[in-house]
Amino acid sequence: MSYLVKNLRKITVIKFGTIFALLLILGSSFIPVLSVSANEVVFSRVTNAKLISDFTDEELETLEKMSDIMETTKLVSTTENSEIKTRFQSELRNRNIVFHVPESSLDLTSAKVLQITQNSEDFYMITVPIVGDGYNLFSNLTVTYSCSGKNEGYQETIISQGLNNKTQIETYANGKLMKSNLLNEDFLSNEQIKKDMKNVQKQGALLPQSRGFANKVACLVVVLGISKYVATVIAGACVGSCPAIPVICAACVGGFVALGTGTMSSVVACFKL
């Protein structure tokens, strides 16, 4: 399947960056919870059913896209990491990137850079956490760069407390509002989210191994600590772009891995099951 469509290249790459950003969120050390490796997680049909029994079809489809994306994700060298961060900071100084939070909310010291290959084409993506009172820990700004250093587009995902204590998600592409979505889910504190994700990892590590695609998804759920709430937030931010245009979907889900619980080595190990 072709992931890059010429006439939609700009917006597809932007959305690709969003999914990537969400992936980065989940795969980083920003959430200091239990470290579970893929080798410590074993699966069966019963295991899979228990792990994802409460997930909706939309949430499961989004996690499947996450699995597809992560299979092409690569770590970058120290030089590449430095170059992309320098380029990003230069664009901030020159006001080439429009965002909707105070600049002080961009946690540049915790920015994560990874590389993803889609349709034989490589992209660099940098995910910067948006931090501060009122922001869900999955809020982020993600910029996509070609290997030549061209800014292919950027996506901002702001998750906050909305009306009646519900979870509000706003997504912006190239500085313009794409979607504002009030979920029918109570807004959880970051401390509660971390606790729930840690519990997912603990429970998954204790459950009794078969192989196959479903088990890769289940492995990601455990390694990344994807609770029901987190799955709902991922789908809420990304379902509009999944599965219509795969690269758009990839942009949305990607940042969750950057700021989450598992290490990239643990995530990659899921694809060896």
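1. Lysine 74 and aspartate 122 form a salt bridge, with the closest N and O atoms 4.0 Å apart; a salt bridge here is a side-chain nitrogen of Lys or Arg within 4 Å of a carboxyl oxygen of Asp or Glu. Lysine 74 belongs to strand β1 and aspartate 122 to strand β3, so the pair ties together parts that are 48 residues apart in sequence. Strands (E, at least two residues) and helices (H or I, at least four) are DSSP runs, numbered from the N terminus. Lysine 74 is partly exposed at a relative accessible area of 37%, and aspartate 122 is partly exposed at 26%. Buried means under 20% relative accessible area, exposed over 50%, and partly exposed in between, with a 1.4 Å probe and protein chains only.

2. On the source: this is a predicted model, in which local features need pLDDT of at least 70 and side-chain atom pairs count only at pLDDT 80 or more, while totals for chains, interfaces and linings use all residues. Residues are numbered from 1 along each chain as its sequence is written, and side-chain values use heavy atoms, with hydrogens and water left out.

3. The structure holds 4 salt bridges. Another of them joins the side chains of lysine 228 and glutamate 59, at 2.8 Å from N to O. Lysine 228 is partly exposed at 30% relative accessibility, whereas glutamate 59 is buried at 4%. Arginine 95 also forms a salt bridge, with glutamate 103, and the closest N and O atoms there are 3.3 Å apart. Arginine 95 counts as exposed at 59% relative accessibility; glutamate 103 counts as partly exposed at 39%.

4. The sheet is open and has 7 strands in the order β1-β2-β3-β4-β5-β6-β7, with antiparallel pairing. β1 (73-74) and β7 (176-186) are at the edges with a single partner strand each, so one side of each is left without a neighbour in the sheet. Helix α4 (residues 78-93) packs on the sheet and touches β2 (112-118), β3 (121-129), β4 and β5. The direction of α4 makes about 110° with that of β4. Axes are lines fitted to C-alpha atoms, for helices over the stretch in contact, and angles run from 0 to 180 degrees between N-to-C directions.

5. Strand β4 (residues 140-146) is joined to β5 (residues 151-161) by 6 bridges, and the two run antiparallel. Two strands count as paired if DSSP finds at least two bridges between them. Leucine 141 stands opposite glutamate 156 in β5, and asparagine 140 has threonine 157 in β5 as its bridge partner. The hairpin of β4 and β5 has 4 residues between the strands, and glycine 149 in this hairpin takes a positive phi near 95°. β3 and β4 pair in the antiparallel sense over 7 bridges, with valine 128 opposite leucine 141.

6. Is β4 buried or exposed? Of its 7 residues, 7 are buried, so β4 is largely enclosed by the rest of the structure. In a regular strand the side chains alternate between the two faces of the sheet. Asn140, Thr142, Thr144 and Ser146 point one way from β4, and Leu141, Val143 and Tyr145 point the other way.

7. Isoleucine 84 is in helix α4 and is buried at 5% relative accessibility. Not counting residues up to four places away in sequence, isoleucine 84 touches Val113, Tyr124, Ile126 and Tyr145; contact means heavy atoms within 4.5 Å. The C-alpha atoms of isoleucine 84 and isoleucine 126 are separated by 7.2 Å, with the two residues 42 apart along the chain.
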